[in-house]
Amino acid sequence: MAISPVHAGELLSFSYGPLIRSLRISSLQAFAKDGTVADDLAFFLQFTPASKREALRSILLKRADISPLTVSRFFSSRIGEDVLERLGRGITLRQGGNGKFALRSALVGAAFSSDGLSLLSVLKQLPTNIQIHGERVLAVAKAGERVVASTDAVTSALRALTAKEAAAEPPVDFSSLPNPAKPGPFAVRKEVWNLVDASRQRAFYVDVYIPKENTAAQIPVILFSHGLASSPEAYAQGLQHLASYGYVVAAPQHPGSDNIRLKGMLKGLHQDIFDVQDFIQRPKDISYVIDELGRRNASSFDGKLNLASVGVAGHSFGGYTALAVAGATIDFESLKTDCTRPYWALDISLLLECRALELPRKSYVLQDPRARAVIAVNPVMRGIFGQKGISSIAIPVMLASGSYDPAAPAALEQARPFTWLTEPKKYWMLLEGQAHVNFTQIDPGIRQAIESVGDLTLPSQGLINSYVNATTVPFFEIFLRNNKTYLPFLSSSYAKNLSKGQKFRLNFISGASSPGVVSAIETFRRTHP
């Protein structure tokens, strides 16, 4: 419910240590409108360079075109409450209590107001008994800047390591070789299976991509896990591409964390965007689909499916799923430590991962021994698995990150975990400009909201798809089919070749560069305390 003007404050109270100063909302409005600087605002702007004042005006007025109901329901969810709890430690009630409820009221009130949701409209809705603690706000801002700097450092490090590995590799004329970014030789048909796992009382569908007229004695299988609030259909292009190379590819719906669940939450049918039990149920969905493929092997595939050695891939929450199936284990103690860090909410992935602390603390066996190679794209992984859990993976693994990813930042979620992998056959690719989601597939309303809060310069989805297709096919060809003719493609040299003439590059390293990643992390920590 919005705060009425009677209860909304005309003054903002700022503190920095023992110093307390007030600022009129009308002064902010005048500044945002035409740059007028009143006396009370002048005190605060003395700490802001003149070159940044125009940017500040823009930030105050920048409107996020998000449905008011979406704002209300998100901040009523557990993840939304976690965000408010953290924000409320720096924006408190005058008597010292957490300001989370006042913040929620201001955010929802601003969204429902005629001004729409902007920083200025939220500040206008804050009640008079709110105090903004400057030292805490500045600390959050500094932590945010550190995240941006660490992402830039990771990108620079992987560029350098890619170049170093490529220089040490024998020269290859890639123009004379088949292009794995192009479709394979098989036409593909799609089937949709509706399954019910009675043991878990869980019903879900599976998109199955089947290569036509595949006369091979054995047909390899790949399982794919979709991201949070998404669906198997959102990844159709990449799944069909893999199937065109002779793989049967199966992508199950995860009903506790898919786009149907999201839509239900936005309609008020669920309080949360996902069911916390999906940390356990998702990997079990993958195993159940492998079992189902076994049940249908003789009748539908002439017994050709090789289910003793399957590939698993996943995106975002699906990346967690794939890694859990591959053998990574949940480390509750590590997760608890990460979730108590002061500014953990700057890592959006942890908003998801920390929900796992609601699960009963026991050892969950989620690994499927039939999984023999795994690809995790933009995975959420660091907090929930920790070093102990990640080092448990003992099969070939490839991580894929995006340099523009705000949800699972490479510097926070994949850099250190890559070094924790003890499996020698490990690879990490960084797609410059990739921003976690396929903007052509997400809900139009959500896309509009994302685009409204920042100026994004992104690579085309076609370029991203070509990078992903060109690397995933060789990875599975090598580790599922033992097809060594694809070895030249699983290299830094090939990444450099793909990146020729491109503004947004593909960086690719192997386990040989793991010490270089460790060195880059330590250097960053020394130079950015």
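Is arginine 370 buried, partly exposed or exposed in this predicted model? Arginine 370 is partly exposed, with a relative accessible area of 22%. Its side chain meets that of aspartate 368 in a salt bridge, with an N to O distance of 2.8 Å. Aspartate 368, by contrast, counts as buried, at 4% relative accessibility.

The chain that holds this pair contains 20 helices and 13 strands. The C-alpha trace spans about 80 × 55 × 40 Å along its principal axes. Of the 529 residues, 54% count as buried. The accessible surface comes to about 23500 Å², and carbon and sulfur atoms account for 56% of this area.

Side chains of opposite charge can pair when their charged atoms come close. In the chain, the mean positions of the 56 positive and 45 negative charges lie 2 Å apart, and the count of salt bridges comes to 26. One of these joins lysine 100 to glutamate 85, with the closest N and O atoms 3.1 Å apart. Lysine 100 lies in helix H6 and glutamate 85 in helix H5, so the pair ties together parts that are 15 residues apart in sequence. Lysine 100 is partly exposed, at 26%, and glutamate 85 is partly exposed, at 25%.

A further salt bridge links lysine 425 and glutamate 423 at 3.3 Å between the closest N and O atoms. Here lysine 425 is partly exposed, at 37% relative accessibility, whereas glutamate 423 is buried, at 7%. Elsewhere, salt bridges with shared partners join Asp197, Arg200, Arg202, Asp278, Arg282 and Asp285 into one network.

Technical notes. Residues are numbered from 1 along each chain as its sequence is written. This is a predicted model: local features need pLDDT of at least 70, side-chain atom pairs count only at pLDDT 80 or more; totals for chains, interfaces and linings use all residues. Side-chain values use heavy atoms; hydrogens and water are left out. Helices (H or I, at least four residues) and strands (E, at least two) are DSSP runs, numbered from the N terminus. Buried means under 20% relative accessible area, exposed over 50%, partly exposed in between (1.4 Å probe, protein chains only). Accessible areas come from the Shrake-Rupley method with a 1.4 Å probe; for residues, only the protein chains shown count as cover. Lys and Arg count as positive and Asp and Glu as negative; His and the chain ends are not counted. The place of a charge is taken as NZ of Lys, CZ of Arg, CG of Asp or CD of Glu. A salt bridge is a side-chain nitrogen of Lys or Arg within 4 Å of a carboxyl oxygen of Asp or Glu.
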